Protein chains: 2
Amino acid sequence: MSDRKPSNLDIANEEAFRRMTSADPVLVDILPAREVVPGMNKRIVLTSGPALAWREYEGGQRQGIIGGVIYEGWASNADEAVALLDSGEVAVGACQDHSCVGSLAGIYTPSMPVFVVEDRASGQRAFCNMYEGKSRKRLNYGIYDDVVRDQLKLVEYVLAPTIAAAVREMGGVPLKPIMIRSLNMGDELHSRNTAASLLFARELFPSFLRLYGELGEAVQKTIELLTEDNYFFLRLSMASSKVAADLAHGVEGSSLVTAMAFNCKEFAIRVSGIDGWIRGPHAAVEAKLFDGHDESEITWMGGESPITETIGLGGFAQAGAPTLQAYQGGSYAAMMERNESLYRITHGENPDFKLAVFAYRGTPTGIDVFRVLEERVLPVMDIGIAGKGGGQIGAGIVSAPVECFQKAAALYKELYPQ
Amino acid sequence: MSDRKPSNLDIANEEAFRRMTSADPVLVDILPAREVVPGMNKRIVLTSGPALAWREYEGGQRQGIIGGVIYEGWASNADEAVALLDSGEVAVGACQDHSCVGSLAGIYTPSMPVFVVEDRASGQRAFCNMYEGKSRKRLNYGIYDDVVRDQLKLVEYVLAPTIAAAVREMGGVPLKPIMIRSLNMGDELHSRNTAASLLFARELFPSFLRLYGELGEAVQKTIELLTEDNYFFLRLSMASSKVAADLAHGVEGSSLVTAMAFNCKEFAIRVSGIDGWIRGPHAAVEAKLFDGHDESEITWMGGESPITETIGLGGFAQAGAPTLQAYQGGSYAAMMERNESLYRITHGENPDFKLAVFAYRGTPTGIDVFRVLEERVLPVMDIGIAGKGGGQIGAGIVSAPVECFQKAAALYKELYPQ
């Protein structure tokens, strides 16, 4: 036992850590965003990262927003959409200001179905829209065309209502047990979600059987979409992570990170005891690109999936996902070492998310701004890489920029003078 | 390039390795043993390991055989069953003499449904009966009572016909793709089959939906049994392994092992270029026992699941299954090291079964009798541990006895003098 009295910082961080790790996310429904997301029952498009003025969005992120306006039928082409956005007749919002969390550009429009994920004890909710399918061309990667529209319609008219019917029949699907199991089946729940997607599908099987007489082919198609690739569960992992991170946000005096995200212009973090986003330059990336692409094509069009790393998943659990070597490059030994180094910058070990390869040690959880600076270890994130022409061109590992942590530390010292 | 001319031994082993690794097992049907297993359309009980005379079977293996006689309704109690076995009115056979492969005591009776697994190119077939369920008391662990009987009846009347209907509707289920995927989802396909069981259930699910109207609750129950634990796929892994090993058997001049198995009295191996079993003493075991049990209870009642290790799975793929630490003891570092050491005694690296944690190196495959002796590395097997009172009391890692390899080398030199 140490005689040292815990400081206010220790006490605050322990409280934020406790809130973060006690979250018990349950998928309670799937509804159109306008019916359930605060502030979405109007002409608005949400996009990833700290808010920018509409005119500041560029590249794929701008294209994604324009695509969202057309998808809603508010405009029939890009020029009309831009006019509506320029005039403010269609608003642009930041996902996390609406309890949403965006994958890549993270385009949300009012008609899009969203997962409603709730921590039942506290009632804390977060929302995430749904995976568009395995095509590399997707709205959230800054592309909108007939193929992308058809994928989104399939999600809206087939996938979402079928899963929603099962979820309602079941009275909700607890997500944490699935997440815990999948971490020892090769997932880290950011860039790899194969086992979790399968486990989620399996949870729904009994209900799908009962619904088959009524819904028929929609059920067959849904099973196919749920399990055809590695990604379906990502959006549930993100919404679960957002619930946990938001529960930990707002603890006075806490220096734990409660979000990491970026838009086309900047990377940013949120810190529990500090209001607002703390912005910095873009992150550094080690990418592995799909054949036929090169580094000059890499672009930033937003991304909030690092909410998973924020609560001890993704890069913070990558030792559990050795197959990511093939997807994002690097050796397994390097992945183990990188994962291990993150214990130096986190408040604690996750009581639920455990890694068999580390003798069932809990994943490093709760990034502490001060430890990042003291240890000179930057948080790492497993991310998909977007190309300037739109679409996914690869995957890789990103390190958060030190500037965000330096700014956060300075802000913290202003807010909480010793 | 080496100038060394390959020896006859090299050529023969390369051929056996090629046959073993080219097997493409497909589940083609599930039928009662009497309808499909050679020599089973009579009063016979099959059990694991090299054949013994009925009177030589003891302990749990003897109890299992007696249980099989009662299960078939040939006797109404143990005394009547023993009388039938003593008089020869009920025969006792060795599983592998009938293209079957036994889990633990491996009790097969004519009415029991068996998986029919076929290599379609060659028509080579193997059979395996089905997992009895997650109760620690099972016929294959030497116990027969009302509970065990009810489990077996559930398998016979619900599980087997439901899966069979789906398999027939699908025109067969290729098993190798499931096995390949599961190795990078935490399975080694002997003591851990969680992902493979889930992947198999997912393959059948579209067919289950179509059959639901006709079969109703049987489908719900089947989904539950298929995924409630880690073991369902083991019997498919065993039958697939048996097909591959049998394809590799009988190559003149080959010193590769084509089976490892034991009965209550002895451990034994088969070698491709040598007829018959080569018998030795029992294997050494490092066990982790369930709470409330101790080492004095450990007993041998037969086991042929090491057919999986024979073709590069189980202990030969345990680096892919870190969670086995919790089940069978030992550290993950020790598992990685042990797995790595097996490359020294195997002919080659599996072209299909690959381990991400070893940078996608193929699993060590094709145990060479001579390398085992030269390198002094014994094949290891992941096994379930039976207790003297019957039932499973734990799990562990077994090393094959060196005597079998010494005898095999001597026999080989007699058969193939230089």
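In this predicted model, the interface brings 32 residues of chain B into contact with 30 residues of chain A. About 2700 Å² is buried between chain B and chain A, and 69% of that area falls on carbon and sulfur atoms. Helix 7 (194-215), helix 8 (217-227) and helix 11 (324-328) of chain B each provide at least two residues of the side of chain B that touches chain A. Of these, helix 7 of chain B gives the most, with twelve residues. As for specific pairings, eight residue pairs are found in polar contact across the interface of chain B and chain A, with both residues at pLDDT 80 or more, while the count of salt bridges between the two chains is zero.

Leaving aside neighbours within four places in sequence, Phe208(B) is in contact with Leu209(A) from the partner chain and, within chain B, with Thr162(B), Ile163(B), Ala166(B), Val219(B), Thr222(B), Ile223(B) and Leu226(B).

A second residue worth a look is Ser182(B), placed in helix 6 (residues 176-182) of chain B. Ser182(B) counts as buried because its relative accessibility is 0%, against a cut-off of under 20%. With neighbours within four places in sequence again set aside, Ser182(B) is in contact with Asp187(B), Leu189(B), Ala195(B), Ala196(B) and Leu199(B).

Key:
Residues are numbered from 1 along each chain as its sequence is written. Chains are lettered from A and ligands numbered from 1 in the order in which they are written. This is a predicted model: local features need pLDDT of at least 70, side-chain atom pairs count only at pLDDT 80 or more; totals for chains, interfaces and linings use all residues. Side-chain values use heavy atoms; hydrogens and water are left out. Contact means heavy atoms within 4.5 Å. Buried area is the accessible area (1.4 Å probe) that two parts lose on being put together, summed over both. A salt bridge is a side-chain nitrogen of Lys or Arg within 4 Å of a carboxyl oxygen of Asp or Glu. A polar contact is a pair of N or O atoms within 3.5 Å; within protein, one must be able to donate a hydrogen and the other to accept it, and residues adjacent in sequence count only if both atoms are side-chain atoms. Helices (H or I, at least four residues) and strands (E, at least two) are DSSP runs, numbered from the N terminus. Buried means under 20% relative accessible area, exposed over 50%, partly exposed in between (1.4 Å probe, protein chains only).
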